[in-house]
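Please consult the sequence and the structure shown below while reading.

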Amino acid sequence: MIKLDLTRQKANVTANAITKTQKALKKQIIQGIKSSPFNETQNISIKINDHPVDRFFTRFFDIGEEIVHADLKAEFTRAYMENGKLLAQKYNFQDTFSAEQLTDLKEGKNLLNKKNSFVSKLVKKINKAIEK
C-alpha cells in the first residue's frame, strides 16, 4: 500500500513523502497541477494498493508486471472562504492501472507526460476540478 497526502496553500506544499515512489509521485503531481486560487487550501490524499506479493512473484518468475493491476483511490478537497463562510468541495477519483507504472515511477521516469498513465489521468482530473 502506497499512501501520499499533500496539502497545498498559496506557495506552500506539505507532504509526507518518504519512499522513492512517494517522492516521485509528489513531484510529478505538483508539477502537473495548475496553480490554485490565492485564498484556497487543497488537500490530496492518495492510496494505491500495489499488490506487492503479486509484483514480487512476477519479478521472481520474470513474467512482467503488466499483468498485475494496481488500484488507485484519491480524494481531492478544496477549502476556501466565501462571504465569511468556510466552504469545501470534495472530489473522489478511482483508477486501475498496470503495476509496471509504479516501477517506472520509482526509476524516475516522468509519467506526467505519458498518455494514459495514472499520474497523467489524476492530474487532469484535479485540474478539471480546480477549474470548476
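Which residues does Thr58 touch, not counting residues up to four places away in sequence? In this predicted model, the contacts of Thr58 are Ile63, Gly64, Glu65, Ile67 and Val68. Thr58 belongs to helix α2, which spans residues 52-60. Because its relative accessibility is 5%, and buried means under 20%, Thr58 counts as buried.

The sheet is described next. Five strands form an open sheet in the order β2-β1-β3-β4-β5, and their pairing is antiparallel. Its edge strands, β2 (12-15) and β5 (85-98), each pair on one side only. On average, neighbouring strands of this sheet are turned by 15 degrees against each other, direction ignored.

Helix α1 (residues 20-32) packs on the sheet, where it touches β1, β2 and β3. The direction of α1 makes about 35 degrees with that of β1. Helix α4 (residues 118-131) lies across β3, β4 and β5 and runs at about 160 degrees to β5.

Strand β3 (residues 40-49) pairs with β1 (residues 2-9) in the antiparallel sense over eight bridges. Strand β3 is also joined by ten bridges to β4 (residues 69-82), again running antiparallel. The table lists individual residue partners.

| Residue | Partner | Strand of partner |
|---|---|---|
| Leu6 | Ile44 | β3 |
| Asn49 | Asp71 | β4 |

In general, strands of a sheet pair through backbone hydrogen bonds, either parallel or antiparallel. In the present sheet, the pairing is antiparallel.

Notes. Residues numbered from 1 in each chain as written. Predicted model: local features only at pLDDT ≥ 70, side-chain atom pairs only at ≥ 80, totals over all residues. Heavy atoms only, no water. Helix = DSSP H or I, 4+ residues; strand = E, 2+ residues; numbered from the N terminus. Buried < 20%, exposed > 50% of the residue type's maximum accessible area, 1.4 Å probe, protein only. Contact = heavy atoms within 4.5 Å. Pairing = 2+ DSSP bridges. Axes fitted to C-alpha atoms, helices over the stretch in contact; angles between N-to-C directions.
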